[in-house]
Amino acid sequence: MAQIIMVNQYPAEQRFTYGDRIRELRKRKLLQTEEKIEKEGGLDEDDYGRVVAPDDFHFEPESNHADGSYYGYEGWSRNYAKLLSIHPLYCDPMDAFVGRGFFFMTRRKASLWNPDHPYTALKSAFDEYNIICGIGSDGHFTPDLRMGFAMGWGGILEKLKKYRDINTSPENQLFYRCEITVVEAIIAFLTRMGYEIAELAKVERNADLQKNLQEMAAVNLRMATEKPETLRECIQWMCWFSFFSRLYNRGPSGGQLDELLRPFYEHDIAAGILDDETAKFYIACLFLNDTRYYQLAGPNDQGQDMASHVSYLILEAADWINIACNLTVRVHDRMNEDFFRTAVSYLFKNKNGWPRFSGDNSLVNGFMRCGFDQTLARKRLAAGCSWMSIPGMEYTLNDLVKINVAKVFEVAFTEMMATEAQPSTQTLWERFEKHLSRAVDTTAEGIRFHLTWQDQNEPELICNLLSQGPVETGLDVTKSARYFNMCMDGAGIATVADSFAACEQRIEREGKISWQALERQMNLNWNDIDGEYQRQMMLHSERYGGGDTLGDRWAVRVNDLFTGLVRGECQRYPGLNFIPGWFSWANTLDFGSHVRATPNGRRNGEAINHGANPTSGFRKDGAVTAMANSIASVQPFYGNCAPVQLELDPGIAGNEEGVDKMVSMIRTILETGNTLLNINIIDKHKILEAHKDPSKYPDLVVRVTGFTAYFAMLSPEFRQLVVDRVLAVNGEDVVA
Amino acid sequence: MTGMVTEIERFALNDGPGIRTTVFLKGCDMNCAWCHNPETIRAGRDLHDYAQNCIGCYKCVSVCPSKAHKRIDGAHRFFPNLCIQCGKCAKVCYAGAMVMSGEPMTVEQIMAQVAQDKPYYTDSKGGVTLSGGEVLCQTPFAMELADACHAQGISVGLETNLNTPFEKARPLLEKADLIMCDLKLWDSVAHRRWTGVDNAVILQNIRELDSLNIPYIVRTPLIPGATDSDANITAIATFLKPCQNLMYYELLNFNPLGRPKYASLMRPYPFAEAKPLPRARMLELLAVAQSEGIPARMDN
């Protein structure tokens, strides 16, 4: 059977400290990243901790549909169990854990939606407005790992069997049969892994690594059925859950990491079987295994800060392994100031885009406006690129549903010019309102459609197990979650706001160009006579991000409209709580490719703005405060995010005083209404050099949108996006 | 009343403590050879030619009353000797090739921008810094602006060359919550050579600063070949020893960002090839300053 193992790579007599092992693991990580780039090409998304599959590994899924693909409980459970039965072991004796994976089943599937449930009627609107509808999408909510810790796989199996005997409808029985198939396959897989590792331990000649393999084998054999009791078992359980969920469908996010680990840490310390160095090593290996999103600190149910000694160990571990990492520190009124400052220091020390920072006040108060209480709102953790989730309780489609509002604007503009004798920003707005309303309505309908049929397409067989509701009711989480807080993001707010502002300023207030001349230039991609001149004129209108400009006022108007429309869908679909946000993820380029030239001076097919950020050149000084104020003004404020994406020069925090200023900046950005802050610390010259030749900086990690990635792995287009953002706030060398 | 302003820079991190907004006023009574904001030296407006931004639209040619802009052999050419600095070309140049620096602004207009960052000033103990150019060249306006900041609870810092007789400078200085002043050269001959003025008034004013009971910072920009000698730093540090309200003496590394501005103003720049001092040299000079027993620091 195919394997990736690294036994007998070191002399028998060589001794290894944890530091030695971390160094070796880091080196190996960089080589694996290079291999991924070489064999699979670049990838504009998370690292996921994946490695390249062995050349001799092949998986042929079994079809259960005439179209040759597989769907529903039976299709997925059967193929998943089959895949697990042949999945190779990846075992690195340097590592504390096993659990690295190669790919996701969803990515190997040609068809992502069961054709028995077409949505043709909705598609035309999706296409017209370039909507990412979310139908057939998966993951992007947070299972509750504590449920797994409390039961272990054996306990999960027992729970399934118990409820199988209670819920006896055919639909329920199908659910339980398939879930049991999955869990039994998992247990068999873990047992096989444990025995394979034990065999490797017999042949490993190095004493240190042999001992590690023996311990690893024992842990893995226990974790096949038992619940974890030690920190090592807990983290191994997490690594495996990560693997199982990623293998299935890219999987969900993490949780409140410090609180997840703290009980195990305290148990082991009290039992005298753990020290801080070992704990840090384990946590560092957790980050190596996967780049899941975890939150640190933040208020507990009583409002007290959750930062603990374990929180510090986590930061130290991330610093030690120093790779792509997705930690978010929750900033709140009773923050542990020392922990906050320490977290900021690591951001500037490692310059790898972690940690991020989320704003408790705006997130909690916003979520409470949906009708939830503060206790529940505080449980909603920073868990993904731009999103929050309550572990085990929510189903959300976070980050999976996006409306390209720049495309909606284009539809409105085109319609106005074709039908209005006297175009104006007023009539343009009315048409934009009409089309955005239609886009939102259709999107909500699509979400409802997804919830109705997704279990027959791709049930969440793994995440069901750690969610409240599915096992108890015998229904997929898309039907049985405690809360359906359905995300609906807009993308392109700056492109639209700047376009409205440019029209109002240059056409209506200054009379510098007519509507017809503007339309002509846009149709010709600014290539008509005086095209570039007029494009520059529109481009340098009052921009969103400038600070109380026309662009800022239009952005607020667009946000108010979008937020109202999305929230209005709650009346149409009782039981569903639609929550608006502004986020484009990595779709910035693709969305832009569907939109022709826009009045803000944007050319055909150019990227729309990133997330809620203003477009490049919004202010000569690129002031962070101005940008943050503008983004704060367009927060929908219902608990989802419009993140601030910041690129800062490392020199800013080169001393203690600089770090103090950064702590203050971050706190104020969040306290003035922002929800999430993604920060890159990048030297302008370094990023320009790396863009020319990525191989010069193979370990350069950047936070692209909400996710971190190795810069070298990104496509040239995405690298350019990051470069443009860096130049926007740091300025070019020559500034007009 | 209006003041002539070149720029309002928000999120300024190097013009005083905390997070600040720096208001750059136009006009200076010195003429430092290394000034990295040369557009702030003249009190009147300046036209900049950023030729690399030109898109060849020739709108400037059609509006220029003095024919300083021409289209020759399919390319734009600017003749600064014909320019009357009317700014009409800058008004039509959206590409940012022709730019006018200096804008008359009222206090209300400035405060409308400044006030937007109040939460940042409060949290970081920052505020507004009035800079330039030379803020004492627009004293009445600067005083009104300082009052407006205080009325909103915003702390005011002044960056000044202190080259104005103390009794004339005092009314504005007294309004500051923090004073940041430059002492570039100890030797008066060298001072006149490099800045155009003697340093006697500056030295006297620094001595007078303690009487204001306002914290102040004295800074020396380290300009290669001009101010960066051990002797200069020693002399200045020695001079500062008796100062009571001196927060610290700060060494600022040479800032090369002025280079493109000189090119745009078509002025020669004697420091076009100069580079910032290496960190090791900065540390040496810092040690020189600290050896005189005064609190000293250097920028990053």
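**Close-up 1. An open sheet of 6 strands in chain A of this predicted model****.** Look at the edges to find β4 (255-256) and β14 (644-648) of chain A. Each of these has a single partner strand, so one side of each is left without a neighbour in the sheet.

**Close-up 2. Strands β14 and β15 of chain A, joined by bridges****.** Strands of a sheet pair through backbone hydrogen bonds, either parallel or antiparallel. Here β14(A) and β15 (residues 676-681) of chain A run parallel, with 5 bridges joining them.

**Close-up 3. Helices α9 and α10 of chain A, crossing each other****.** The axes of α9 (residues 276-289) and α10 (residues 309-321) of chain A come within 8 Å and cross at roughly 60°. The two helices α9(A) and α10(A) are therefore oblique to each other, and their crossing is right-handed. Where they meet, α9(A) contributes residues including F281(A), I283(A) and F287(A), while α10(A) contributes residues including L313(A), I314(A) and W320(A). Sorted by class, this contact has 12 nonpolar, 1 polar and 4 charged residues.

**Close-up 4. The contact between chain B and chain A****.** Chain A brings 39 residues to this contact and chain B brings 31. About 2800 Å² is buried between the two chains, with carbon and sulfur atoms giving 55% of that area. Three residues to look for are F11(B), Y94(B) and Y120(B): together they supply 29% of the area that chain B buries against chain A, more than any other three residues.

Conventions: Residues numbered from 1 in each chain as written. Chains lettered and ligands numbered in written order. Predicted model: local features only at pLDDT ≥ 70, side-chain atom pairs only at ≥ 80, totals over all residues. Heavy atoms only, no water. Axes fitted to C-alpha atoms, helices over the stretch in contact; angles between N-to-C directions. Helix = DSSP H or I, 4+ residues; strand = E, 2+ residues; numbered from the N terminus. Parallel < 35°, antiparallel > 145°, perpendicular 65-115°, else oblique. Left-handed = near helix turned anticlockwise from the far one by under 90°. Contact = heavy atoms within 4.5 Å. Nonpolar A, V, L, I, M, F, W, Y, C, P; charged D, E, K, R; others polar. Pairing = 2+ DSSP bridges. Buried area = accessible area lost by both parts, 1.4 Å probe.
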